Amino acid sequence: MTEIEKILDQLKRAYEGGAWHGPSVREVLAGVSAQQAHAHPLANAHSIWELVHHIAVWENVGRRRLEGDRAEIDISSPEDWPPADDTSEEAWGQAKAALDRGHEALREAIADLEESRLNEPILPGLSTVYVTLHGVIQHDLYHAGQIAMLKKALG
């Protein structure tokens, strides 16, 4: 297995399932309604829906950086944490579908990578491609854990 294949495997486990730590992003989102996704059961915490948007933002940033775009996002800005304005079940389904589409685009971009790029900076002044991709995986898992806690807080 090449290093690119190993990274893709880890990304798949974090997002789709099969990780040894517990539920992946998609597994933890299973059965969450729009009403639950929009709820704020913990004071000063983001909602599940906001976390879904945020995960999508950073998977997209990873893909864009692979393609040469700096994709600079102001941390804690509305661009970093897009709000969930429409709270309907249809909008929730669209948010999850957009997350899936962005994830697939990232997987495709990684699959097209030359192995020789892994130890190079993703862009001048930024971390290596390897560190960036593992950072996206870690980011997915961190927020999957937050979603799991929010689901428990919802009862």
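Contact here means heavy atoms within 4.5 Å, and in that sense Leu8, which is found in helix α1, touches Arg107, Ile110 and Ala111, not counting residues up to four places away in sequence. The model is predicted, so local features need pLDDT of at least 70 and side-chain atom pairs count only at pLDDT 80 or more, while totals for chains, interfaces and linings use all residues. Residues are numbered from 1 along each chain as its sequence is written, and side-chain values use heavy atoms, with hydrogens and water left out.

Leu8 is buried, with a relative accessible area of 14%, where buried means under 20% relative accessible area, exposed over 50% and partly exposed in between, with a 1.4 Å probe and protein chains only. The C-alpha atoms of Leu8 and His134 are separated by 9.9 Å, although the two residues lie 126 residues apart along the chain. Another buried residue is His103, at a relative accessible area of 2%; His103 has its place in helix α5, and its contacts, not counting residues up to four places away in sequence, are Leu11, Tyr15, Glu16 and Glu59.

Helices and strands are DSSP runs numbered from the N terminus, helices being H or I with at least four residues and strands E with at least two. Helix α6 covers residues 129-154, and its 26 residues reach 38 Å from the first C-alpha to the last, close to the 38 Å expected at 1.5 Å a residue; the expected span is 1.5 Å times one less than the number of residues. Among the buried residues of α6 are Leu133, Val136, Ile137, Asp140, Ala144 and Ile147, and the buried residues of this helix pack against α1 (3-15), α2 (25-29), α4 (48-66) and α5 (89-111). An α-helix has 3.6 residues a turn, so residues three or four places apart point the same way. After α6 comes Gly155, whose phi is positive, near 95°.

Helix α4 has 19 residues and reaches 27 Å between its first and last C-alpha, close to the 27 Å expected, and it is mostly covered, with 16 of its 19 residues buried. Just after α4, Gly68 takes a positive phi of about 100°. In the loop between α4 and α5 lies Ala71, a residue other than glycine with a positive phi near 45°, and Ala71 counts as buried at 2% relative accessibility. Ser76 belongs to the loop between α4 and α5 and has a positive phi of about 70° although it is not a glycine, but Ser76 is exposed, with a relative accessible area of 59%.

A nonpolar core is a set of buried Ala, Val, Leu, Ile, Met, Phe, Trp, Tyr and Cys residues joined through side-chain atoms within 4.5 Å. Of the 21 residues in the largest such core, Val25, Leu29, Ile48, Trp49, Trp92, Leu99 and Ile147 touch the most other members. At least two residues of this core come from each of α2, α3 (34-38), α4, α5 and α6, and the largest share, five residues, comes from α4. A second, separate core of 17 residues includes Ile4, Leu11, Ala14 and Leu106. Leaving aside neighbours within four places in sequence, Val25 is in contact with Ala14, Tyr15, Ile55, Leu99, Asp140 and Ala144.
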